Amino acid sequence: MDKQPVVVGLGEVLWDVFPSQKRPGGAPANVVYHACRQGARGCLISAVGADCEGQELTVALRAHGVEGELSPVSYPTGRVEVMLQNGVPSYRIVENSAWDHMPLTKEAARRIAQADAACFGTLAFRSPDTRHTLQCLLAQMQPQALKVLDVNLRAPYYSQALLEDLLPRCNALKLNDEEARVLAPLAGISAAGTADLAGICRALLARYGLRWVILTAGARYSEIYTPNGVSHLETPVVQVADTVGAGDAFTGSFITALLQGQTLADAHRQAVQTAAYVCTCPGAWPQ
């Protein structure tokens, strides 16, 4: 691709609230942040509250080169309480936040029609307002554009019915080893076969006609499945500060590299290196 690729994030934008500070976050926002760092034109479509935290988020995105269609709504800006144990996060997600009430705007429709790729996750579909908006926006994307579903399961905000609805809306899928086992029944795999992660990924690839399936297995390895084969890389050993946003960094880097014309193997390598670097830094948006 000769022109600068356009990568759009659809869904939650929020503050990751750590015990000592807060940092910008939300999976789609993290993806477009890292896409921008790799040379893409990144845009986030979401909603913030008409409050100080919403203004601060908007300023933070612009300062990092991320364009945004951030609709102000009469709900508080999103927040997630992050607790770390040996660098591994757990989350408490505040409900009924601004991003749960994303309106469908003409500007959002214009931006999604220009996208070369869009990333969305299951979490943003937890509320009827945002679910309707995202369904409409995904339907307006160009046929050749990448539609990347990051499964990102957060109990209790998912169900088998939701996953059955979302999988036909994407043409690329990202999930971790635990999430693969949850999706196994949708690929026609019984509980007895959930240890075969490769089999699950290949079955999902075939059943939903996907371009690729990204499987991440934490500190062990990652694999990218395509109809023509699989790319496997071990995860580098690094000194971990925290793993917040590492998976999103992988996604943003991988998408951008592919759109820039890199081979699958090179894009995979760049994604692994970016994610490993993010693990060495506090928060999801290192410089």
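Tutor: Start with helix α1 (residues 27–37) and α8, which pack with their axes 7 Å apart and at an angle of about 45°. The model is a predicted one, in which local features need pLDDT of at least 70 and side-chain atom pairs count only at pLDDT 80 or more, while totals for chains, interfaces and linings use all residues. Residues are numbered from 1 along each chain as its sequence is written, and side-chain values use heavy atoms, leaving out hydrogens and water.

Helices (H or I, at least four residues) and strands (E, at least two) are DSSP runs, numbered from the N terminus. Axes are lines fitted to C-alpha atoms, for helices over the stretch in contact, with angles from 0 to 180 degrees between N-to-C directions. At about 45°, α1 is oblique to α8; under 35 degrees counts as roughly parallel, over 145 as roughly antiparallel, 65 to 115 as roughly perpendicular, and the rest as oblique. The crossing of α1 past α8 is right-handed, a term for a near helix turned clockwise from the far one by less than a right angle, anticlockwise being left-handed.

On the α1 side, Ala27, Asn30, Val31, His34 and Ala35 meet Asp248, Ala249, Thr251, Gly252 and Thr256 of α8; contact means heavy atoms within 4.5 Å. By class, the α1 contact with α8 has four nonpolar residues, five polar and one charged. Here Ala, Val, Leu, Ile, Met, Phe, Trp, Tyr, Cys and Pro count as nonpolar, Asp, Glu, Lys and Arg as charged, and the others, Gly among them, as polar.

Helix α8 (residues 246–259) also packs with helix α9 (residues 264–279), at an angle of about 150° and with axes 8 Å apart. That angle makes α8 roughly antiparallel to α9. This crossing, too, is right-handed. From α8, Ala246, Ala249, Phe250, Ser253, Phe254, Ala257 and Leu258 take part, meeting a set in α9 that includes Leu264, Ala267, His268 and Cys279. The contact of α8 with α9 holds 13 nonpolar residues, four polar and no charged ones. Ala249 is listed in the contact with α1 and again in the contact with α9.

Lysine 3, in the segment before β1 (6–10), is 257 residues from glutamine 260 in sequence, yet their C-alpha atoms are 8.5 Å apart. Lysine 3 counts as partly exposed because its relative accessibility is 46%; buried means under 20% relative accessible area, exposed over 50%, and partly exposed in between (1.4 Å probe, protein chains only). The side chain of lysine 3 makes a polar contact of 2.9 Å with that of aspartate 116. A polar contact is a pair of N or O atoms within 3.5 Å; within protein, one must be able to donate a hydrogen and the other to accept it, and residues adjacent in sequence count only if both atoms are side-chain atoms.

Another lysine, Lys22, pairs with glutamate 53 through a side-chain polar contact of 3.1 Å. Glutamate 53 belongs to helix α2 (residues 52–63) and, with a relative accessible area of 17%, is buried. Beyond its neighbours within four places in sequence, glutamate 53 touches Trp15, Lys22, Thr77 and Arg79.

Next come two residues whose side chains reach backbone oxygens. Serine 127 sits in the loop between β8 (117–121) and α4 and is buried at 8% relative accessibility. A polar atom of its side chain lies 2.5 Å from the backbone oxygen of aspartate 100. Threonine 133 is within helix α4 (residues 128–139) and is also buried, at 2% relative accessibility. Its side chain reaches the backbone oxygen of methionine 102 at 2.6 Å. Setting aside neighbours within four places in sequence, threonine 133 contacts Met102, Pro103 and Leu104.

Last, backbone angles. Most residues other than glycine have a negative phi. Asparagine 96, in the loop between β7 (88–93) and α3 (106–113), has a positive phi near 55° and is partly exposed at 44% relative accessibility. Asparagine 152, in the loop between β9 (146–150) and α5 (160–166), has a positive phi near 45° but is buried, at 13% relative accessibility.
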